[in-house]
Amino acid sequence: MIEAKDGKQNENSNQTLTTRQGHPVTNNQNQRTVGSRGPATLENYHFLEKISHFDRERIPERVVHARGAGAHGVFKAYGKVGDESISQYTRAKLFQSKGKETPVFVRFSTVIHSGHSPETLRDPRGFAVKFYTEDGNWDLVGNNLKVFFIRDAIKFPDVIHSLRPDPVTNRQDGGRIFDFMSNTPESVHMLTFLFSPWGIPANYRQMQGSGVNTYKWVNDKGEGTLIKYHWEPIQGVRNLTQPEAEAIQGKNFNHATEDLYDAIERGDFPQWELRVQMMTDGEHPELDFDPLDDTKIWPEDQFPMMAVGLMTLNRNPENYFAEVEQAAFGTGVLVDGLDFSDDKMLVGRTFSYSDTQRYRVGPNYLQLPINSPRASVATNQRDGQMTYRVDTVPGQNPHVNYEPSSMNGPAEAPRDLPDHSPHIEGRLQRASIERTNNFKQVGEQYRAFEDRERDDLINNLVANISAATEEVQARMVELFTQCDADYGRRVDEGLKAVRENRKKTEGKREVQMA
Ligand code: HEM
């Protein structure tokens, strides 16, 4: 029982408050001062520790996907892919036997705005899964939508800058967004999803996930198969129209975090089935799109969805900062049996994630419990800020932090199965892929939407594109027209109506995207 300075008993506590040095805190209400009115003295160790730690509480937020929520769970393999044996395609151990369980941690997010922005914004949603497998970690870092704005990683800073607030006014601006997009025709597929109701999932539990980029599976012979990953929510999919989202946002800007946390607390555990689409490795000249182009969907009638397992989220984090904020996912984090394709986005992403995490969290981010593999870790990497432990296994010689060594240091473990080693030949150059085909799938999607989805899409696009110059508006209409004549016509009519209206009222209208 602690006697407080003012004489009141702290009756509800059986814990002594201490400093981080383990010293009991005798007075947490008053600094040490000369007399009761000050001045303060500088040897107040407890006060200085408390304030200076507080001064360092924040780390840089993620440069994208800053706003997120996370949960722990388990992935249970079906032991096959669709009705076929999975081992003929991948030797990844986590998929092989029916019922095999792998612990996971998932972080959902919005992309563009900062850490406490509303969760009702029109924005892609992140869907990042860390599988703690027996062979080390596998991260599947995806989004809710199946396509992306661009197909070459070199354009990522540009697309994100256009979507982020204006560097002068600090406001998101449709004029800047569509200035960039109208000069980036490959973005029109993503825009068509983003400005439809699919651009505002109702919450994190009722949304799909997709790896978006093309990966590979590798079997025992070292043969590769091209793979797209998808998460299908067992809860079903639910999206919001703009007015529905605004009604929620008026009352609550944490609704998706709340929904996920509350569902797990009450034992209503959300589940997603992991499905893959497969394509034989190769360029596939018979297709009208490039299989490595992330602005395209692989048509399901040709490349059916095949289920491989079920993920259940069943435990909330105990501490948001330690587990969710410090979680670090990356596309380079693969296990044996899973591989990269040459998708030009994927290669760029793979550099970017661990690079940013060494800056955002620190060089030893992989020693934090949330990021650390459950498999044993024995590296020769040492020291650096916030070293938490030494990466050795029991019995290992702690003097040896180099390799090779004959004094019981960690040794290589050559694989007895062949690596996947594709033969690549070509001229080194800077060039776009040949089969860009930016518009065909977009037109098909436009026609496939239900009427209410199409109406919502047109309204949202008009509301946002009308913030752009007439030249940019005309370029956007031209892009939509190439996808589908009706699509272009309706956006054009909507924009003309806004301009007419503006002229009439002579008012200056500024429209924000979200
Ligand atoms: C987060 C870069 C494309 C999904 C991030 C972060 C960076 C980044 C730097 C912050 C990571 C951190 O601080 O831990 C890039 C680059 C891309 C790209 C350079 C393109 C070349 C994509 C695509 C997707 C995606 C196409 C969807 C498939 C995510 C997700 C997160 C994220 C879900 C949040 C992960 C988390 O919850 O911690 N990205 N990204 N990114 N990115 Fe990307």
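**Exercise 1. Helices α12 and α13**

Determine how the axes of α12 and α13 are oriented in this predicted model, and which residues form their contact.

Solution. 
Step 1. Take the axes: those of α12 and helix α13 (residues 485–505) come within 5 Å and cross at roughly 155 degrees.
Step 2. Apply the cut-off: angles over 145 degrees count as roughly antiparallel, so α12 is roughly antiparallel to α13.
Step 3. List the contact. Helix α12 supplies Q473, M476, V477, F480, T481 and C483, while α13 supplies A485, Y487, G488, V491, D492 and L495.
Step 4. Sort these residues by type: the contact of α12 with α13 has 8 nonpolar, 3 polar and 1 charged.

**Exercise 2. Helices α4 and α12**

Describe the crossing of α4 and α12 by distance, angle and hand, then give the residues in contact.

Solution. 
Step 1. The axes of helix α4 (residues 174–182) and helix α12 (residues 470–483) come within 9 Å, with a crossing angle of roughly 50 degrees.
Step 2. Angles under 35 degrees count as roughly parallel and those from 65 to 115 as roughly perpendicular.
Step 3. The hand of the crossing of α4 and α12 is left-handed.
Step 4. On the α4 side the contact uses F178, D179 and S182; on the α12 side it uses V472, R475, M476 and L479.
Step 5. By type, the contact of α4 with α12 comprises 4 nonpolar, 1 polar and 2 charged residues.

**Exercise 3. The nonpolar cores**

Identify the residues that touch the most other members of the largest nonpolar core, and trace the contacts of V308.

Solution. 
Step 1. The largest nonpolar core holds 53 residues, and V106 and V308 touch the most other members.
Step 2. Strand β5 (residues 125–133) gives the largest share of this core, 5 residues.
Step 3. Apart from neighbours within four places in sequence, V308 contacts A77, Y78, V81, I86, F95, L274, R275 and V276.
Step 4. A second, separate core has 39 residues, including I112, M181, V212 and M345.

**Exercise 4. Backbone details**

Give the phi values of V212 and M386, and the location and exposure of M386.

Solution. 
Step 1. V212 is not a glycine, yet has a positive phi of about 60 degrees.
Step 2. M386, also not a glycine, has a positive phi of about 60 degrees.
Step 3. M386 lies in the loop between α9 and α10. Because M386 has 11 other C-beta atoms within 10 Å, M386 is exposed.

**Exercise 5. Cis peptide bonds**

State the omega of the G38 to P39 and E403 to P404 bonds, and place each proline.

Solution. 
Step 1. The G38 to P39 bond is cis, with omega near 5 degrees; P39 is in the segment before α1 (45–55).
Step 2. The E403 to P404 bond is cis, with omega near 10 degrees; P404 is in the loop between α9 (344–360) and α10 (440–448).

Technical notes. Residues numbered from 1 in each chain as written. Predicted model: local features only at pLDDT ≥ 70, side-chain atom pairs only at ≥ 80, totals over all residues. Axes fitted to C-alpha atoms, helices over the stretch in contact; angles between N-to-C directions. Helix = DSSP H or I, 4+ residues; strand = E, 2+ residues; numbered from the N terminus. Left-handed = near helix turned anticlockwise from the far one by under 90°. Contact = placed C-beta atoms within 7 Å. Nonpolar A, V, L, I, M, F, W, Y, C, P; charged D, E, K, R; others polar. Core = buried A, V, L, I, M, F, W, Y, C linked by C-beta atoms within 7 Å. Buried ≥ 20, exposed ≤ 12 C-beta atoms within 10 Å, placed from the backbone.
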